[in-house]
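Here are some friendly notes to keep beside you on a first look through this model. Please have the sequence and the structure open as you read.

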Amino acid sequence: MKKFFGGKSTKDKRPNGPAPGSSTPPQAHTQLPRPSNGHQQQPPATTPPPAAATMHFTSLAGTPAAGPQPSQNGGGQNGYGNGGAPGGGGYPPSSVGGGYPSVSAPPSSAPYGYNAQQQHSQYPGMPQPHHLQQQQLHQQQQQQHHQQQHGGIPAPPSSSNAMYPPRQQQAPVPSPPPSSGNAYQASTYNPGYMAAHVQGAGQSNGGSKLTGDPKEDYPIVMAIDFGTTFTGCAFAFRKDPEIQEIITWPKQAYQYPKVPTISLYKLDSPDFLDWGYPARAVMMTPNAKKHLLLSKFKLQLDDQQEHIEPLPLGIKPLDAISDYLGKFHSHVVKEAMKNFGSTYDQSHIQYCLTVPAMWSDRAKHVMRLAAVRAGMIREEDPAHRLIIVSEPEAAAMYCQSKGDQFNLQKHDRFLICDAGGGTVDLIVFEVVDVNPETGIRSLREVTRGHGASCGSAFLDANMEKLLREKFQKYPLTPMGWGTIMDTFVNQTKPIFPGTDPEMYLQVPNIPNLPDANDLDIGLEDGMLKLMVSELHERVFDPVVKDVLDLIEHQLKQTHCEAIFLVGGFGSSRYLFDRVTAQFATSGRQVRVPPRAELAVVRGAVTYGLHQGSIISRVARRWYGVDSAMDFVQGVDPEEKKTLSRDGTTRCKDRFSVYIHPGQSVALGECVTKKYMTWCYPRPLDCPLYVSDSAEEPRYVDEPSVKKLGDFQIPMPDIPGMMPGSEVLVEVKMHFGETEVRAEALVLGQTVTAVCQWVG
């Protein structure tokens, strides 16, 4: 593991908006084929086993960087810099299906050009250049001298990828002369700029060149609210931003702007067959016993759940999500294009994909990979073509559009409680300003968003458990269970608790019970009597209590003038009554906006049309990197003591904090730390860690600390700079957006890296 050595942090503001340049022409995409073995995508034979993730780097100037050189002591697995072929400029597909295209090394005439033909690390059996042999001998002598002078504390190997804080009173590192063949150029970072140049600038999009401005390149904004139980889609034309929903679905019994999030597979294989209503229709036939109906697979990405049962048939969450999204996307694009002329196609769409606010960065990355595999976007598309939007933010954008209706004024605060089928997310927002021309309110997060898996699907699970207890003597068929649960979801749940002490549930034909009567369980003439008190205790109240606890936790952090309940579960009359009874006051209203079940998908379209309306966010956890800081005698354990290249005693494995929980981070803001390194010309490894601990973690190997992924920072090709030369690096982390990203200033030149998330 390569280590970082801590430095001081600063904050920068980056201007928003597109960078100049062109991008790859999107065209109508088809769903990418799944790997031939079903669900496990294998790397090519020339790649090492996926002990670490594959990464892809490119400069902001547009020419992609070559892969790291083979090395016996750093830079990759099994001597390969990035998991690619020897000397590799090629990048294999990711182990989770999001592989990167092959790129070639940047042209260079420098003696230390970093490409497949100019390597400095020794291949097995290949002699090294004479000057490198002398350099190694000198480094060995230095290490021996260090051990003698510092009580046996070994100096770090010269080949290590260590980074150190700048020395006090240190003279500035001179900027080397520019190289005519240098592919790395200093430039203002733009999230879509990197991908826009990977395949070359100036290519066309639907017959016209991309400008780098999403408002120009993508005249259509489409939002997809991928839900645990139902999924919806809405879109708008930028020139006429009236939001429209997709309301027509295959084999639907009635028009509704959402479709069930269910998929059909063969019972004996992971072959995907169908989705939505057609999948449900198959399970209502005698052929149901030959098939598997997969549902609630979105919950597989909830890292907060302690015990998550794996999906059946060895199906991976990424496969299940991309299977479903592929069919869903094909349908909604076909329906949406009926509203546009022949000059518009799928390549003119910018997507907003919603995710729960409580999801980890890894889970968000899985959704981006699923979007690629589903054919929504391509890896070479600009990053801003797909915007990951948190569900509470989307709901907030919808509610602010109804601000006049609810009398939302400047500086008013309101709580969004997005209660859906699987998850419940909550954040308090404050109205910062109102655009007099558009009427759009700019918002800032006030509290740390949080949530839990306690949506209406858990009501259904409680109800199914209760019914199985009642019918344990009678083996209901899968079709019978489907019928009885549909009746509960569509007829009983919406009107609970009603006005009478009992409710009735119609039951289908039961084998071995031809007269449909069993008074012991309350079954008479095919109608099952359920006591409302029992439904309170066994089905509804355990879940509703979790939601009330989440709301109370938010209100303990700040005040608010309104609570908005949105989402399918948020539309529940019973939930509204309970929230109102507990939290409504003379100064706080509890409201359900119109069409609350569509608040997220419609708000996501508004978010895409008016990007930047959420001007700041609140960090939910600790973020930091692995570093070596000053060793504190009596505090740091002796086994973590190490010696830096400048002769100072350090403590390895320290958690160098970039962001702390509760910290407000403005849109476009980044946190910068400076380091020194002597690893030139090899790239620098930057593992990113996260912790939900209440206290600041001190070491990256503490139980509360988890590794999120690896950023790798490429070294520019500098003519005349010797291997092992001292280099000043500024590592910049951006946390003010839904997804974390990083860039670095190396020798005065800006480079960027794409993180490969763990898992």
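The points below go from the whole chain to a sheet, a helix and a single residue.

1. First, some ground rules. This is a predicted model, in which local features need pLDDT of at least 70 and side-chain atom pairs count only at pLDDT 80 or more, while totals for chains, interfaces and linings use all residues. Residues are numbered from 1 along each chain as its sequence is written, and side-chain values use heavy atoms, leaving out hydrogens and water.

2. The chain has 13 helices and 35 strands; these are DSSP runs numbered from the N terminus, with helices (H or I) of at least four residues and strands (E) of at least two. Of its 759 residues, 57% are buried, meaning under 20% relative accessible area with a 1.4 Å probe, protein chains only. Among contacts (heavy atoms within 4.5 Å) between residues at least 6 apart in sequence, 74% join residues at least 24 apart.

3. Now look at the open sheet of three strands, ordered β19-β21-β20 with antiparallel pairing; strands pair if DSSP finds at least two bridges between them. Both β19 (502-506) and β20 (523-524) are edge strands with a single partner strand, so one side of each has no neighbour in the sheet. Five bridges join β19 to β21 (residues 527-531), and Glu502 sits opposite Met531 of β21.

4. Helix α11 (residues 532-555) lies across β19 and β21, at about 70° to β21. Angles run from 0 to 180 degrees between N-to-C directions, with axes fitted to C-alpha atoms, for helices over the stretch in contact. At Phe540, α11 bends by about 55°, and Pro542 follows within four residues; the bend is the angle between axes fitted to the seven residues ending there and the seven starting there. Buried residues of α11 include Val532, Phe540 and Leu555.

5. How do the axes of α9 and α11 cross? The axes of α9 (residues 456-470) and α11 come within 8 Å and cross at roughly 150°. That makes the two helices roughly antiparallel, a term for angles over 145 degrees. Among the contact residues are Phe458 and Leu459 of α9, and Leu535 and Phe540 of α11.

6. Finally, visit Thr423, in the loop between β15 (413-419) and β16 (424-434). Is Thr423 buried or exposed? Thr423 counts as buried because its relative accessibility is 6%. Beyond neighbours within four places in sequence, its contacts include Thr228, Pro356 and Cys454. Thr423 and Thr228 are 195 residues apart in sequence and 7.8 Å apart in space, C-alpha to C-alpha.

Definitions and conventions:
Buried < 20%, exposed > 50% of the residue type's maximum accessible area, 1.4 Å probe, protein only. Parallel < 35°, antiparallel > 145°, perpendicular 65-115°, else oblique.
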